[in-house]
Amino acid sequence: RMQCSVEIELPEYDGQEIKYWFTLEDVAGNLAESKKTSLFVDETDPIINSFEHEQVGRNVNFILDIDEPFFSEAYYTYEYNGRLRTSRLCNRLNNGICEGKASFSDGEYEIEIMIMDLAGNSVSRNFELFVDSKSPKIRTTEPRKGFANGIFEVEFEEENPVELLLKYGPSNDMRTKDVNLDDCIKNKRTYCNVQVNMDEFDGEEIGYWFELTDRVGNK
């Protein structure tokens, strides 16, 4: 038997349905005709009109607005512990919308969203994702009772702190002190020491507390 392959350009038929078949003739003029086959022509990549993701802890909800009449599937890939992982988001569109959910372990990720159509055309979108599902924990503060001389201490657990505030003063005149996290001592827990001038509150009763915020906004 003989096998033949031929490649032709079909841009003028993009988005249309066509038919094709082969006709074979031998040296004596005998003819043979193959079965006629109907196909759709698609040479256009999918279009991502918009892409959003909503994150709550480890869970992420992906919402993509896609323009593609011959949609096949949307999936995402990322590397975790040295291995490339792939998961499907959806294999159908609802009024042009692909919505899918995923869950990630804590860490930083480079994620690629890939959109495929039935003809094999594709388009991708890359973005960075940071997951921190653990809320900060303030373990101890000093002084616990008695008197204040302007020195306050706090010990907390948090891998990704971005802001530490000291709130202090009488109830009708609270002040805020931004604590420099670079001055804190970090081991298994983080210890911070901050000093403020208390002269104007001398002889008064005050209250105080610390407010800690991490990289994803947990407080």
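View A. Glu7, Glu9, Asp14 and Glu43 form a negative surface patch. Patches take residues with over 30% relative accessible area and no salt bridge, joining like charges within 9 Å and nonpolar side chains (Val, Leu, Ile, Met, Phe, Trp, Tyr) within 5 Å. Asp and Glu count as negative, Lys and Arg as positive, with His and the chain ends not counted. This is a predicted model, in which local features need pLDDT of at least 70 and side-chain atom pairs count only at pLDDT 80 or more, while totals for chains, interfaces and linings use all residues. Residues are numbered from 1 along each chain as its sequence is written, and side-chain values use heavy atoms, with hydrogens and water left out. Glu7 sits in the segment before β1 (17-20) and is exposed, at a relative accessible area of 73% (exposed means over 50%, buried under 20%, partly exposed in between, with a 1.4 Å probe and protein chains only). Strands are DSSP runs (E, at least two residues), numbered from the N terminus.

View B. Val6 belongs to the segment before β1 and is exposed, with a relative accessible area of 61%.

**View C. Aromatic rings together.** One aromatic cluster is formed by Phe51, Phe62, Tyr76, Tyr78, Tyr80, Phe104, Tyr109 and Phe127. Rings of Phe, Tyr and Trp (its six-membered ring) pair if their centres lie within 6.5 Å; planes under 30 degrees apart are stacked, those over 60 edge-to-face and the rest tilted. The count by this rule is 16 aromatic pairs. Tyr76 and Tyr78 make a stacked pair, with 6.0 Å from centre to centre and 10 degrees between the planes. Both Tyr76 and Tyr78 are buried.

View D. The whole structure holds 11 salt bridges, each a side-chain nitrogen of Lys or Arg within 4 Å of a carboxyl oxygen of Asp or Glu. Arg58 pairs with Asp106 in one of them, and the closest N and O atoms are 3.5 Å apart. This pair links distant parts of the chain, 48 residues apart: Arg58 is in the loop between β5 (47-56) and β6 (59-67), and Asp106 in the loop between β9 and β10 (107-117). Arg58 is partly exposed at 40% relative accessibility, as is Asp106 at 29%.

View E. Glu157 and Arg139 form a salt bridge with closest N and O atoms 3.1 Å apart. Because Glu157 lies in strand β13 and Arg139 in strand β12, the pair ties together parts 18 residues apart in sequence. Another salt bridge joins Arg175 and Asp173 (2.8 Å, N to O). Through shared partners, salt bridges connect Arg139, Glu155, Glu157 and Arg189 into one network.

View F. Look for the cis peptide bond between Glu142 and Pro143, where omega is about 0 degrees; Pro143 is in the loop between β12 (137-142) and β13 (151-157). Asn81 has a positive phi, near 55 degrees, though it is a residue other than glycine. Asn81 lies in the loop between β7 (71-80) and β8 (83-90) and is exposed at 64%. Asn95 also has a positive phi, about 55 degrees; its loop runs between β8 and β9 (97-103), and Asn95 is exposed at 76%.

Technical notes. Accessible areas come from the Shrake-Rupley method with a 1.4 Å probe; for residues, only the protein chains shown count as cover. The place of a charge is taken as NZ of Lys, CZ of Arg, CG of Asp or CD of Glu. Helices (H or I, at least four residues) and strands (E, at least two) are DSSP runs, numbered from the N terminus.
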